[in-house]
Amino acid sequence: MGLGIGAAVVAALVTAAVYGTIIGLSEYQIGFAAVAVGAAVGFAAGKLGGGNPLLPVLSALLSLAAVFAGQIFGIAMIGADELGVSTLDVLNLGFSLLVDAWKETSGPMTYLFLAIGGYTAFQSARKAA
């Protein structure tokens, strides 16, 4: 189970960065990318962690966190481009400012992408085991 959890955490970190980069470059949230985040996290957990019934739930939670982190990173990239500074400079302004920007820009599709990523991770972990 530990290997599955570790793999899911690594998959969540990597896919969050990729998802955020996609959002930052395109300035749009792309639904299939949230599905890919969930699929990668769930598959990694299920394949390496086996059939433990806790892994699908953990995968769903990690996927939610990864999609959210990707959205925050995408907002930071967009803000950096608009301000003419580096993304790291925007990230250093503080997490609460980025969350406030996320709240202002989020709508039904934002929450749908979060839910889709979590659901996909849950199902992928179950099926990969």
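**View 1. Helices H1 and H3 of the predicted model run roughly parallel to each other.** The axes of H1, which spans residues 2–26, and H3 come within 7 Å and cross at roughly 30°; because angles under 35 degrees count as roughly parallel, the two helices are therefore assigned to that class. In handedness, the crossing in which H1 passes H3 is right-handed. The residues that make up the contact of H1 with H3 divide into 18 nonpolar and eight polar, with no charged residue included.

**View 2. An edge-to-face pair of aromatic rings joins Phe68 and Phe95.** The count of aromatic pairs in the model comes to three, and in the pair shown here the ring centres of Phe68 and Phe95 are 6.4 Å apart, with the ring planes at 75°. Planes over 60 degrees apart count as edge-to-face, so the pair of Phe68 and Phe95 is described in that way. Since Phe68 lies in helix H3 and Phe95 in helix H5, the pair ties together parts that are 27 residues apart in sequence.

**View 3. The largest pocket of the model holds about 220 Å³ of space.** Its lining consists of 14 residues, of which Ile23, Gln71, Ile75, Ile78 and Thr105 are the closest to the centre of the pocket. Helix H3 (54–83) and helix H5 (95–105) each supply at least two residues of this lining, and H3 gives the most, with five residues. By residue class, the lining of the largest pocket divides into six nonpolar, six polar and two charged residues.

Key. Residues are numbered from 1 along each chain as its sequence is written. This is a predicted model: local features need pLDDT of at least 70, side-chain atom pairs count only at pLDDT 80 or more; totals for chains, interfaces and linings use all residues. Side-chain values use heavy atoms; hydrogens and water are left out. On a 1 Å grid over the protein atoms alone, a cavity is a set of points where a 1.4 Å probe fits but cannot get out, and a pocket is an open set with protein on both sides within 12 Å along at least five of seven lines; lining residues have an atom within 4 Å of a point. Grid points are joined across faces, edges and corners, and a volume is the space filled by probe spheres set on the points. Helices (H or I, at least four residues) and strands (E, at least two) are DSSP runs, numbered from the N terminus. Ala, Val, Leu, Ile, Met, Phe, Trp, Tyr, Cys and Pro count as nonpolar, Asp, Glu, Lys and Arg as charged, and the others, Gly among them, as polar. Axes are lines fitted to C-alpha atoms, for helices over the stretch in contact, and angles run from 0 to 180 degrees between N-to-C directions. Angles under 35 degrees count as roughly parallel, over 145 as roughly antiparallel, 65 to 115 as roughly perpendicular and the rest as oblique. A crossing is left-handed if the near helix is turned anticlockwise from the far one by less than a right angle, and right-handed if clockwise. Rings of Phe, Tyr and Trp (its six-membered ring) pair if their centres lie within 6.5 Å; planes under 30 degrees apart count as stacked, over 60 as edge-to-face and the rest as tilted.
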